[in-house]
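Welcome! Take a moment to look over the structure shown below, and then let us walk through it together.

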Amino acid sequence: MTAVHHTIPDEEVAATAAPAGRTSGPPALDRDRRMEAARKAVRRGKRNRTLTVRGLQVLLVVVILGSWEIMSRTGVLHDANLFYGRPSGVVQFLYDERSHLWTNAWATIYAAFLGFAIGAGSGVVVGLLFGRWPLLERTFDPVMNVLASLPRLALAPLFLLWFGISDMSKVLLAVSIVFFVVLFNTIAGVRSVDSELRTVASLLGASPRQVFLKVVLPGAVPVVFAGLRLALMFSMLGVVGSEMIAARTGLGLDVVTYGQNLQPNGVFAVLAILAVVAAVFSAVLRAIETRLLRWMPEQH
Amino acid sequence: MTPSVPTVCAQATASEQQARTGLRFEHVTHWYVSDRDTKLVVEDLTFEVPDGQFIAIVGGSGCGKTTVLNMVAGLVRPTEGLIEARVDDEVLTLPSNRLGYMWARDSLLPWRSLQRNVEFGLEVRGMSRAGRRERAARYITMVGLAGSERKFPRQLSHGMRQRGNLARLLATEPEFYLMDEPFSALDAQTKAVMQQEFSQIWESRRRTTVYVTHDLTEAALLADRVLVMGAGYIAYDLVVPFERPRGLDELRFTPEFQKFDRHLWDCLQRAQRGERG
């Protein structure tokens, strides 16, 4: 109660609080005003809370970056130039090396996108085939489980051996991770579809194929999308990992080089770029998801 | 399979020239088999539902009433015996899309708008877009949901979703209605309103109906005939003595109705003690 009163000016409180013991309501005119006041109060409360949270979030980042900068400049962090870098140095580095970083960032983005597209595409297709014909899934189950439990980064030498230091090697490593993530989520998605809905559809005259296309497929979308979001991160992991092992271009190569050359600002610059790329990728995916899943109850 | 003699029922007064339908159970037994146990669900059921009759099946939980319905729907196969659903001279192969089924549970597809849900049965039959639009609109209006066509199920109340399910069943214009406690999950008022509306809709088409419910009053209000089940068998087969069209809101408070309701209650009690009529 008190929390509410804080946000409502006095005269509105007076209008909102009903006098005790009165059974018949106040005149209708007054009701409109009270409704408006109640709505405003709730909205204002919500807006204030959002602003507070945003403010605190910004403050946190400022404090972290600020103390890092100060500690680096005051020598609390020893030989910061060689080991720890500093935010201003990172910005400087991003600016100085912009054309080089740009080229390599594109190489990584391109490979990650390709790895995601191929891995996710084939994962969804195979997952759906398994869902449509369960015998297929059971047959492949042991093989898929063994492959999926391998630490896939260990496959990098094999790909490098077969395809040389090339885009193909990085993309394949990403595919080998993405595929299984999406595959298992697609299988889970197909399973998550309410069996009653399938029964209803077939009682309404749908053929097994129609049940699959019109009920199972759309029903699996939410879980498949959860897999795609994970897969996007894993695709970056695969590509950067492969580049760290061996590559001609790419941010993974840069991060290793800068590390070995004692250029912490460079390492942080690459990490900053990777973070931005990942954020943009997932924002795009979320936008598609929101569009596709309008029918879902709101979650947050 | 012996050719069955078409039954003529005095109660069937279908106005239009619709197909004559019939439903027949002959010595039907179903054993439920799972890894853990094998159970006799229904034993040696024999009954016939003539054209245009509304039959309600009542009984305690686990008496096998839903299994009976699911056997008609073709979801469960009888272990022994014969189930025959006829439309004119044609014997249907079950499951058949000429039977319409409705559940207590909410079974609209959540990613489709109400309109597209009602169209579903027509869509899978390959009806043209314009045809389905027109047909869906007609039934959505009939169940009182005009204006909500574009809403998703989550935006509808439970009562509205059940109206949507009813519209979906009606839209395919099936020869039989199979209903498994369609209004049992609704609150008391919504339920009474929907029973009245459904009763009117039913009276305007008089399709052969099998209606499973645990609510005796509902059975008495809606049906022409009530089968009271004991554990796996039909204990009583009662004719509901009220004329159609029925105004349920008046009917339910008449002494005759309350007497019949009471009688039904006694029958159920006896059935649960294992007695037979």
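In which sense do β3(B) and β9(B) pair, and over how many bridges? They pair in the parallel sense, over 5 bridges. One spot to look for along this pairing is G59(B), which stands opposite M229(B) in β9(B).

## A predicted model

Keep in mind that this is a predicted model. For the complex, the predictor gives an ipTM of 0.81 and a pTM of 0.77.

Chain B has an average pLDDT of 88, and 94% of its residues score at least 70. Its residues 1-16 have a pLDDT below 50, and in the model this stretch has 21 contacts beyond near neighbours in sequence.

## The sheet of chain B

Chain B holds an open sheet of 6 strands with mixed pairing, in the order β6-β7-β8-β3-β9-β10. At the edges stand β6 (99-102) and β10 (234-239) of chain B; each has a single partner strand, so one side of each is left without a neighbour in the sheet. On average, neighbouring strands of this sheet are turned by 15° against each other, direction ignored.

Further pairings can be followed strand by strand. β7 (residues 176-180) and β8 (residues 208-212) of chain B run parallel and are joined by 5 bridges. β3(B) and β8(B) also run parallel, with 4 bridges between them.

## A covered strand and a packed helix

Now turn to β3(B). Is this strand mostly covered or uncovered? It is mostly covered, with 6 of its 6 residues buried. In a regular strand, side chains alternate between the two faces of the sheet. In β3(B), F54(B), A56(B) and V58(B) lie on one side, I55(B), I57(B) and G59(B) lie on the other, and all are buried.

Helix α8 (residues 255-272) of chain B packs on the sheet, where it touches β3 (54-59), β9 (225-229) and β10 of chain B. The direction of this helix makes about 165° with that of β10(B).

The domain assignment of chain A gives domain 1 (2-18 + 25-74) and domain 2 (87-292). The C-alpha centres of these two domains of chain A lie 40 Å apart.

Where the chains meet, 13 residues of chain A are in contact with 17 residues of chain B. On the chain A side, the elements giving two or more residues are α10 (195-203) and α11 (208-245), and α10(A) gives the most, with 5 residues. By class, this side of chain A has 9 nonpolar, 3 polar and 1 charged residues.

Notes
Residues are numbered from 1 along each chain as its sequence is written. Chains are lettered from A and ligands numbered from 1 in the order in which they are written. This is a predicted model: local features need pLDDT of at least 70, side-chain atom pairs count only at pLDDT 80 or more; totals for chains, interfaces and linings use all residues. Two residues are in contact if their C-beta atoms, placed from the backbone, lie within 7 Å. Ala, Val, Leu, Ile, Met, Phe, Trp, Tyr, Cys and Pro count as nonpolar, Asp, Glu, Lys and Arg as charged, and the others, Gly among them, as polar. Domain bounds come from an automatic or database domain assignment. pLDDT is the predictor's confidence in each residue, from 0 to 100. Two strands pair if DSSP finds at least two bridges between them. Axes are lines fitted to C-alpha atoms, for helices over the stretch in contact, and angles run from 0 to 180 degrees between N-to-C directions. A residue is buried if 20 or more other C-beta atoms lie within 10 Å of its own, exposed if 12 or fewer, and partly exposed in between; C-beta atoms are placed from the backbone.
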